[in-house]
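Please read them beside the structure.

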Amino acid sequence: MTEDIIRVEGLSTRFFTEQGQVNAVDDLDFRIERGEVFGIVGESGSGKSVTARSLMDLIESPGRITDGEIWFNDAELADSVAEGNEEAVDGDFVDLLSITEQQRTALRGTSFSMIFQDPESSFNPSLTVGEQLAEAVEVQQRASANPRSTKAKTQTADYSFGNYLLSTMLPSQRFVTDESRERAIELLELVGIPDPVERADEYPHEYSGGMLQRAMIAQALAGEPDVLVADEPTTALDVTIQAQILDLLDELQEENGMTILLITHNLGVVARMCDRVGVMYAGEIVERGTLEDVFDDHVHPYTEGLLGSIPDLASAGGRLQPIGGNVPSLLDHEMGDRCHFADRCPKAMDQCLEHPPEYAAAGSDDHTVRCVLAERSYDEQDSLPTGYFDETERPAGDKHEDPDRSAGEPPEERTQPQTTIDEVGGESR
Amino acid sequence: MSSDEQREHAAETAGTESGVDTAGSGAGAGTTSRSSADSDAHTTTSAATGAEAPLVSVQNLEKYFWENDSLLDRLLGGEPVAVRAVDGVSFDIYEGETLGLVGESGCGKSTTGETLLRLQEPTGGRVEFGGENVYEMDNGAVTDFRQSAQVVFQDPFSSLDPRMTIGDIVQQPLDIHDVGTTDERRARVRDLLERVGLSTDQLDRYPHEFSGGQRQRIGIARALALEPEFLVLDEPTSALDVSVQAQVLNLLEDLQDEFDLTYLLISHDLSVIRHICDRVAVMYLGEIVEIGPVEELFDDPKHPYTKALLESVPRATTEERERDRETLAGDVPSPRDPPSGCRFRTRCPMVIPPEDLQIEQETFREIMTARERIENRDISLETVGGEQIEFEDGSVPSADVPAFVDLLHERLFDEPLPGRHREVVDEALAELADSDWEAAESTLRMEYESVCERENPGLGEGAHPVACHLYGEAGTGENAIDPDTWS
């Protein structure tokens with residue numbers, strides 16, 4: 001039995017925008033086992049990137065984690081936190097949301113690392129890749145020299161012209177030592193960059209997209225983290241390069257026994273990489289379980305819709321079965337207390353007007369689903385009248401969103417607040 | 001392409017120059033008015049040639065972009081550098097079919113689409129639309145051409161003018177081409193919006209009020225406004241989520257059936273191509289490497305690049321983790337200086353060794369990759385020896401040469417090369433100890449020059465041509481090479 005490394009309980013992250021409160025992540029629970037690849041899959045605006053950032057504590061204003069606990073399994077950390085803050089510790093687990101900012105920061109890089117979607121914009125264009133990697137190494141070294149202390153951050157390293165001039169004369173003012181440079185080169189080699197010695201002296205624009213993504217992975221590995229959060233790591237890449245990067249992540253995970261939280265919209269990538277999967281919709285995980293549970297024994301109509309939307313590569317199939325409508329806006333006052341998918345669901349019933357709890361579903365023990373269909377079968381007698389959501393909830397809008405479906409589809413609008421989420425989540429492709 | 005440019009293009013295709021004189025301005029909504037002489041020419045050609053002749057015929061199309069070509073560069077005597085975005089592409093599109101153009105980013109597929117619509121002036125080659133050369137049309141004929149050939153752009157966020165209501169956006173092509181009366185235009189716009197699945201009471205809204213999928217529908221409605229015969233769909237769904245992508249793909253299929261449209265679908269997504277296309281052309285670095293009917297190409301891909309591309313796509317099934325995959329190494333080379341011969345040879349897992357050479361395929365691939373790096377001067381010799389070996393004035397003391405060669409060998413190859421190959425390669429590496437790149441190059445070329453670097457295989461003719469030496473001379477199948485013979 002593998003142990004959990006992360007347990008997230010009741011996590012809520014909200015954004016307070018001019019249009020109102022946006023529930024990007026809403027009362028979310030999940031756990032990740034040590035050494036597994038856990039995938040979160042969903043469409044843009046479903047809250048998957050915000051989940052990843054909440055875990056890393058990278059939520060910026062106007063967003064805030066408003067509620068919940070993130071339990072992280074680290075005996076050493078638990079010991080050092082226990083004095084004076086007993087509430088934050090539960091056995092070997094530490095609640096990352098109740099420890100001090102400094103303690104939290106010290107975990108970044110050494111316990112948690114993140115790789116982002118867009119490698120081009122994640123590097124500083126005016127420094128060589130080697131220098132940026134060496135800097136990451138340096139930060140980690142300082143962090144481990146002074147564990148859990150405030151000194152973990154680079155304190156002197158302000159990039160300024162004055163500092164640059166000083167660094168040319170005084171070795172002590174250099175940002176990186178020779179050792180960390182060596183380590184940077186080792187890291188580049190580890191992620192399969194040919195000729196790392198030369199590449200270390202090149203600038204990000206001299207790298208191709210795939211190589212830059214490798215370099216970003218190298219940077220994330222600098223502190224030998226326990227958990228790697230990969231937010232759409234291959235979305236910006238071509239398929240042949242995507243295959244290379246996925247192979248690399250696979251290899252690294254096998255060699256180092258790293259735990260990976262993989263965020264993606266691509267079900268193929270999920271199938272390729274993950275042990276367990278959570279399908280996210282409107283800030284909640286609507287279905288979760290092992291890969292087989294979700295792909296073969298799925299219960300939730302949303303999961304079915306998502307899988308039905310993908311054109312098949314193996315055979316030219318008939319018509320695709322899309323989901324009508326769009327991802328909801330996640331505005332608090334528009335969400336209501338019903339199943340959030342009910343307005344797009346082909347099997348919506350009276351019961352769906354109440355927010356469903358998580359039901360256990362057939363398959364492995366982990367398989368749960370937030371849909372009443374886990375408990376009962378669909379009965380047309382109980383189905384909601386056509387056009388139910390048109391009148392009751394939203395102003396008249398797009399009645400013809402999907403020509404393939406009858407006029408019973410709800411109007412959906414995705415206006416400004418959605419854009420806010422997209423920006424925060426960084427999911428535009 | 002920047003968003004401004006894209007918007008400009010959209011408006012341009014939607015309606016070329018405004019104020020063009022049209023003959024039948026009284027024609028009803030839903031019918032297109034054309035300047036009569038040219039439209040006659042149009043209809044007669046397509047009617048006379050029948051179903052056999054292609055609607056669009058692209059012959060040897062070239063589009064280069066020039067770098068270092070400003071006045072200052074010329075004064076300073078700099079040589080302009082050609083970026084060969086599209087380099088001799090030929091294909092036909094028949095009426096009513098969907099041709100897919102697939103390839104990785106930067107392979108020139110979008111440039112091909114834009115150039116064949118004459119949104120870019122070509123560097124060479126010709127494009128025939130219904131038998132007429134698109135690049136030799138006079139203004140009137142171009143206006144007609146633009147009515148019958150339209151485009152839908154990739155990014156629904158930047159290809160719609162944010163200051164126009166969607167009603168105006170869809171009506172603009174009708175205004176520019178002066179189709180029908182004002183009332184008829186309005187009615188047509190309503191029709192179109194309904195047809196693509198939007199409601200008519202949204203006419204007065206602005207693009208920002210719509211989601212990505214809805215905006216793409218608006219772009220499609222705009223493209224359909226003039227009742228075109230031919231649509232270039234440039235990555236129409238790559239900015240959309242999969243559930244919305246499926247809606248748009250279904251819509252495109254319905255529209256094709258309803259209006260007898262001919263599509264050129266440009267996409268990097270193989271599953272979309274498979275789903276919607278009749279025939280597929282695979283592009284790599286400005287050239288087409290394989291064209292064939294969709295079933296054949298997906299079930300029995302011939303070109304090693306097509307094979308690799310298909311292998312690389314992760315399938316959304318639970319068997320995916322166990323699937324055998326062979327992934328391509330390396331990146332796409334720069335179109336500024338494309339490789340000689342076959343452009344895929346720098347990454348090709350099946351690169352062909354010289355006839356009389358006894359060598360394993362993998363070993364040959366490794367040697368070819370090392371050669372490539374030597375030819376590009378892409379090895380920093382200073383760092384090979386580290387602290388132990390001195391490297392001054394571009395050479396290593398003769399006593400240290402064997403050690404230098406060993407270190408360099410280790411750096412270039414995962415495993416030491418077997419037998420005689422190690423001797424040949426080490427001889428070349430020893431020349432590098434004196435920084436004599438050219439000598440190293442020629443030593444290796446003598447031994448390992450492949451047919452793939454000498455000759456461009458060419459695409460050839462037929463229903464399923466493939467540009468690869470493994471399948472012999474272009475189109476004839478003569479001198480085909482069996483990969484089993486050389487290991």
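1. Strand S1 (residues 4-17) of chain A runs antiparallel to strand S4 (residues 63-73) of chain A, and eight bridges join them. Strands pair if DSSP finds at least two bridges between them. Helices (H or I, at least four residues) and strands (E, at least two) are DSSP runs, numbered from the N terminus. A:Glu9 has A:Glu69 in S4(A) as its bridge partner. A:Arg7 stands opposite A:Trp71 in S4(A).

2. On conventions: this is a predicted model, in which local features need pLDDT of at least 70, side-chain atom pairs count only at pLDDT 80 or more, and totals for chains, interfaces and linings use all residues. Residues are numbered from 1 along each chain as its sequence is written, while chains are lettered from A and ligands numbered from 1 in the order in which they are written.

3. A:Trp71 also has a bridge partner in S6(A), namely A:Asp95. S4(A) and S6(A) are paired antiparallel over three bridges. The whole sheet is open, with five strands in the order S2-S1-S4-S6-S5 (chain A) and antiparallel pairing. Strand S2 (20-33) and strand S5 (89-90) of chain A are at the edges; each has a single partner strand, so one side of each lacks a neighbour in the sheet.

4. Helix H1 (residues 48-56) of chain A packs on this sheet and touches S1, S2 and S4 of chain A. The directions of H1 and S2(A) make about 70 degrees. Axes are lines fitted to C-alpha atoms, for helices over the stretch in contact, and angles run from 0 to 180 degrees between N-to-C directions. Helix H2 (residues 75-82) of chain A lies across S5 and strand S6 (93-95) of chain A, at about 55 degrees to S6(A).

5. Chain A is assigned domain 1 (4-281) and domain 2 (284-425); the bounds come from an automatic or database domain assignment. Contact joins 28 residues of domain 1 of chain A to 33 residues of domain 2 of chain A. Two residues are in contact if their C-beta atoms, placed from the backbone, lie within 7 Å. On the domain 1 side, S2(A) gives the most, with eight residues. That side has 13 nonpolar, eleven polar and four charged residues. Ala, Val, Leu, Ile, Met, Phe, Trp, Tyr, Cys and Pro count as nonpolar, Asp, Glu, Lys and Arg as charged, and the others, Gly among them, as polar.

6. Between the chains, 48 residues of chain B are in contact with 50 residues of chain A. Which element gives the most to the chain B side? H9(B) does, with nine residues. The chain B side divides into 17 nonpolar, 20 polar and eleven charged residues.

7. Helix H9 (residues 242-259) of chain B has 18 residues, which at 1.5 Å a residue should span 26 Å; the end C-alpha atoms are 26 Å apart, in agreement. The expected span is 1.5 Å times one less than the number of residues. Buried residues in H9(B) include B:Val244, B:Leu251 and B:Leu255. A residue is buried if 20 or more other C-beta atoms lie within 10 Å of its own, exposed if 12 or fewer, and partly exposed in between, with C-beta atoms placed from the backbone. The cover over the buried residues of H9(B) includes helix H13 (301-308) of chain A. Just after H9(B), B:Asp260 has a positive phi of about 55 degrees.
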